[in-house]
Amino acid sequence: MADKKAQLVIEGAAPVELPILTGTVGPDVIDVRGLGATGHFTFDPGFMATASCESKITYIDGDKGILLHRGYPIEQLAEQSDYLETCYLLLNGELPNAEQKAQFVSTVKNHTMVHEQLKSFFNGFRRDAHPMAVMCGVVGALSAFYHDSLDINNPQHREISAVRLVAKMPTLAAMVYKYSMGQPMMYPRNDLSYAENFLHADHEQNASTSTVRLAGSSGANPFACIAAGIAALWGPAHGGANEAVLTMLDEIGDVSNIDTFIAKAKDKNDPFKLMGFGHRVYKNRDPRATVMKQTCDEVLRELGIKNDPQLELAMRLEEIALTDPYFIERSLYPNVDFYSGIILKAIGIPTSMFTVIFALARTVGWISHWKEMLSSPYKIGRPRQLYTGEQKRDITALKDRK
């Protein structure tokens, strides 16, 4: 995998030879692990050009708009697979046969219940707490209820924890919603299917997945790692983006105000930002957004929703983004957060629950990466820094300080 070499020339020092690693697809990677021995580190804020790990789960080509799960295009999975089948794929590397799928679905359904005492845990939260705040706490607390399988070095324990998390997240999401509404919590019905949320199932080494891996590298239990991922997902620049889309629509207010806000978005000196357009990774169209747009159109047509000012506003923004040269030249197409926000709004999901639904879907991706990391040699994550603070200095006595 390291047939080629890169040579780093540092002024006043001997050249440093660094291996070049080649993956299955995608750009080559320069292995800089040996650089530390020379007294140098790399500087890459935001990991813009850094591969933090090796993975076989998900591949993204942002320039070409490609997203593969274990080699399968997201478009094919959306059309020909279902969510639990995709969960099996992410966790195990291959799509299941009929017998394997039936067994996996049965196992997941058998783990949808949560410990009855967990309901008492909710009483410690205010009724008006943000659902993601409650979700962070409750998921982290699962380790206090399911500590019979927390040996991360035991493959069977890792498997049980993975299934428990995939199975219990919808139950916890429903409990969070019911608690926020002041309504009695309901037990899961295993005669109903698992909601299809696979477009959010995994997205390579994003902020929340990297957080899960980093937490996992310390040996933390899986429930704590997933809680850390939920916390990272909550940010409006990440999983909270679809909630931010609806907040933005509220700010715009009416179709008559669109031209004003479009002008603000184009003005680089104006702090206003259109949420739900463009993507840091995809410089072409987000393939998930293409699938999600079709679903969005189907949902709106099926529900026959008319005269909803917010949805009317969203559709007008979509029209502008797909035809305005400013957006086209900058590849600022409506992304998956834009369409998922519209869908969730249309089917009656409260805006504050959007990111909870996202976390529910993304859990299988997080736990797949956690399992993958633990199944091979790994080191605790420990990024370095470029220190720009004071040099060593001596303390001045308090009475002499000015």
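**Entry 1**

I took strands as DSSP runs of E with at least two residues and helices as runs of H or I with at least four residues, both numbered from the N terminus. I counted two strands as paired if DSSP finds at least two bridges between them.

I note that the model is predicted: local features need pLDDT of at least 70, side-chain atom pairs count only at pLDDT 80 or more, and totals for chains, interfaces and linings use all residues. Residues are numbered from 1 along each chain as its sequence is written, and side-chain values use heavy atoms, with hydrogens and water left out.

I then followed the pairs in this sheet. Strand 4 is joined to strand 5 by 4 bridges, and the two run antiparallel. I60 has L67 in strand 5 as its bridge partner. The two strands form a hairpin with 4 residues between them, and G65 in the turn has a positive phi of about 70 degrees. Strand 5 (residues 66-69) pairs with strand 6 over 2 bridges, again in the antiparallel sense. Here I found L68 bridged to P73 in strand 6. This second hairpin has 2 residues between strands 5 and 6, and R70 in its turn shows a positive phi of about 50 degrees.

**Entry 1. The sheet of strands 1, 2 and 3**

I turned to the sheet with the order 1-2-3, an open one of 3 strands with antiparallel pairing. Its edges are strand 1 (4-8) and strand 3 (29-30); each has a single partner strand, so one side of each is left without a neighbour in the sheet. Strand 1 pairs with strand 2 (residues 16-21) over 5 bridges in the antiparallel sense. Within strand 2, P19 is the bridge partner of K5, and E17 stands opposite Q7. Strand 2 is joined to strand 3 by 2 bridges, and these strands run antiparallel. I20 has I30 in strand 3 as its bridge partner.

With a relative accessible area of 54%, F47 is exposed. S331 counts as buried, at 18% relative accessibility. I used under 20% relative accessible area for buried, over 50% for exposed and partly exposed in between, with a 1.4 Å probe and protein chains only.

**Entry 2. D191**

Where is D191 placed? I found D191 in the loop between helix 6 (155-181) and helix 7 (207-216). D191 is exposed, its relative accessible area being 54%. Its C-alpha atom is separated by 16 Å from that of Y83, 108 residues away along the chain.

**Entry 3. The whole chain**

The protein has 15 helices and 6 strands. Why does the radius of gyration agree with that of a compact globule? For 402 residues such a globule would have a value near 21 Å, and the protein has 24 Å, which agrees. The radius is taken over C-alpha atoms, and the globule rule is 2.2 Å times the number of residues to the power 0.38. Along the principal axes, the C-alpha atoms fill a box of roughly 70 × 65 × 55 Å.

Of the 402 residues, 43% count as buried. I recorded that 69% of the contacts between residues at least 6 apart in sequence join residues at least 24 apart, a contact meaning heavy atoms within 4.5 Å.
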